[in-house]
Amino acid sequence: MFRKIKFSQLSIYTNYSTRVEIDSSLREGFNRQEYKPRKHPGRSQVKVAIIPPDIQKAIKLILQDSGAKSYQQESVKLNNYIHSRLLPPEDDDIRRKASKIHETVSKRVLSKMDKELTQEEVETCNKKIDTTVFNVLKKNVYRWGNISYDKATSLQYLMARAPPEYAALVRILDEIKRRLPDYTPRSFFDFGSGVGTGTWAVNTYWKNDIFDYFTVDTSTHMNDLARLILCQGRDNVVMPFKSYHQRQFLPASVDLKYNIVLSAFSLFEMPSMQSRLETIQKLWNKTEDFLIIVEHGSNAGFRVVNEAREFILNGCKEKGYAFAPCPNNNVCPRYLELETPCNFLIKYETLGFPSKVEIMANLFSYIILRKGDRPSDDPQWPRIVRAPIVRSGHTICRLCTQNGELKEIIFSKGKYDQSTYRCARSSNWGDTLPVK
């Protein structure tokens, strides 16, 4: 199911000695000033994401009516807990750890015995060993658990998580809109929809195109909150979408497919890798065009995203390819390095409830997988995977290339033409650089 990976002690970045130039298909456009370096085709236009005013108004109305000011501290705690979560330990890992602990404890206990034990003493000794192993194991195994979203917790989640999640999703969907400006999805499926950030994000780009929304979340309180936000925060307002469906569980039918299928910040609720992969397979079966997986930009979050990427590209019958952020289908070079997650940063504006509006930043990891084979005209421009280092006269860009390698390129005024140099200088972390 997964590719066999050989690890080696290599530097994560290699110097790029080959000359890099603007993609030849864009050269004339730059010369005629159809493209400007500050707005080149690989540059995202989402700088600071702000939740749409009508959604913000509805959220604030709901929070005020619910007396949510008292939830401020709890919402911060919930946000911190979500960011710090690890994946649930696998049964095999627990058994291996228990076996090692049992061996160590047994040796220590038995080494103190200086006489032959009776059957009763052996049983007592074994019970003592088992109790010690259990206590040690409890301290050394991560205690994972589902988050139960009741009404209060759902409101806390809305306060803390809605702005950064919306920001990440808007930034990700910008990849599709920018690269495929004529693409018009007609249906949207959101797994783990929460308070509805996925619906807000797709409507930012395709509100007049999508006619069918299907959302899944196990929490009825989350579903009620998501619907209420779309109804302007009032119970007596009619749902603005004719075809908007909410369910608590994934539907069993595989006949219906959706143009865009999203799973955002949801797979941490799955109790094992097997359940995560089964869910991803079901989502891929429902995908007509794009499957988007998003998680926090932590090591654990990146591991989940990469797990889904490897499974779809190598373990599924239906073909697909990495649309973004990867310019290739090879094994992720950051996964090979084992220490640094492939993540990206987005700035966003907070709700301003109950305190003042602030500009914050959030790290996220994601993968957009597209059904079918990679088109022959896909430019596969390199992705900037860390913030460029801008200095007087030169800029250092760290790139993930179409060959599946991490390259560090120094763009200097003397070595590169003006268009190439200025494109590199005006690009940000997460953009693609239109060079070959």
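P325 is found in the loop that runs between strand 8 and helix 11 (333-337). Helices and strands here are DSSP runs numbered from the N terminus, with helices being H or I runs of at least four residues and strands being E runs of at least two. The peptide bond leading from A324 into P325 is cis, with omega near 0°. A cis bond with omega near 0° also joins F353 to P354. For P354, look in the loop between strand 9 (344-349) and strand 10 (359-371).

Before going on, a word about what you're looking at. This is a predicted model, in which local features need pLDDT of at least 70 and side-chain atom pairs count only at pLDDT 80 or more, while totals for chains, interfaces and linings use all residues. Residues are numbered from 1 along each chain as its sequence is written, and side-chain values use heavy atoms, with hydrogens and water left out.

Now step back to the whole protein. It has twelve helices and 14 strands, and its C-alpha atoms fill a box of roughly 95 × 65 × 45 Å along the principal axes. Of its 436 residues, 50% count as buried; buried means under 20% relative accessible area, exposed means over 50%, and partly exposed is what lies in between (1.4 Å probe, protein chains only). The protein exposes about 22500 Å², and carbon and sulfur atoms supply 50% of that. These areas come from the Shrake-Rupley method with a 1.4 Å probe, and for residues only the protein chains shown count as cover. As for contacts (heavy atoms within 4.5 Å), take the ones between residues at least 6 apart in sequence: 77% of them join residues at least 24 apart.

Next, the helix pairs. Two packed helices are described by the angle between their axes and the distance between the axes. The axes are lines fitted to C-alpha atoms, for helices over the stretch in contact, and angles run from 0 to 180 degrees between N-to-C directions.

Start with helix 9 (residues 273-285) and helix 10 (residues 299-315), which pack at about 55° with their axes 10 Å apart. That's why helix 9 and helix 10 are oblique to each other. In these terms, angles under 35 degrees are roughly parallel, over 145 roughly antiparallel, 65 to 115 roughly perpendicular, and the rest oblique. Helix 9 passes helix 10 in a right-handed crossing. A crossing is right-handed if the near helix is turned clockwise from the far one by less than a right angle, and left-handed if anticlockwise. On the helix 9 side the contact is made by M273, R276, L277, I280, Q281 and W284, and on the helix 10 side by V304, E307, A308, F311 and I312. Sorted by class, the residues of this contact divide into eight nonpolar, one polar and two charged. Ala, Val, Leu, Ile, Met, Phe, Trp, Tyr, Cys and Pro count as nonpolar, Asp, Glu, Lys and Arg as charged, and the others, Gly among them, as polar.

Follow the chain into the loop between helix 10 and strand 8 (320-324), and there you'll find C316. With 14% relative accessibility, C316 counts as buried. Neighbours within four places in sequence aside, C316 is in contact with Q281, W284 and F311. The C-alpha atoms of C316 and N285 are 9.6 Å apart, though 31 residues separate the two along the chain.

The other pair is helix 2 (residues 53-65) and helix 6 (residues 151-179), packed at about 140° with axes 11 Å apart. That makes helix 2 oblique to helix 6. Here the crossing is left-handed. I59, I62 and L63 of helix 2 meet L155, L158 and M159 of helix 6. By class, the contact has six nonpolar, no polar and no charged residues.

Staying with helix 6, you'll also find D174 there. D174 is buried, at 8% relative accessible area. Not counting residues up to four places away in sequence, D174 touches S44, Q45, V46 and Y205. Y205 is one of the buried residues of helix 7. Helix 7 (residues 197-206) is mostly covered, with nine of its ten residues buried.

Finally, two loop residues. Q33, between helix 1 (24-31) and strand 2 (48-49), has a positive phi of about 65° although it is not a glycine. At 63% relative accessibility, Q33 counts as exposed. Q232, between helix 8 (220-230) and strand 5 (243-247), has a positive phi near 65° and isn't a glycine either. Q232 counts as exposed at 51% relative accessibility.
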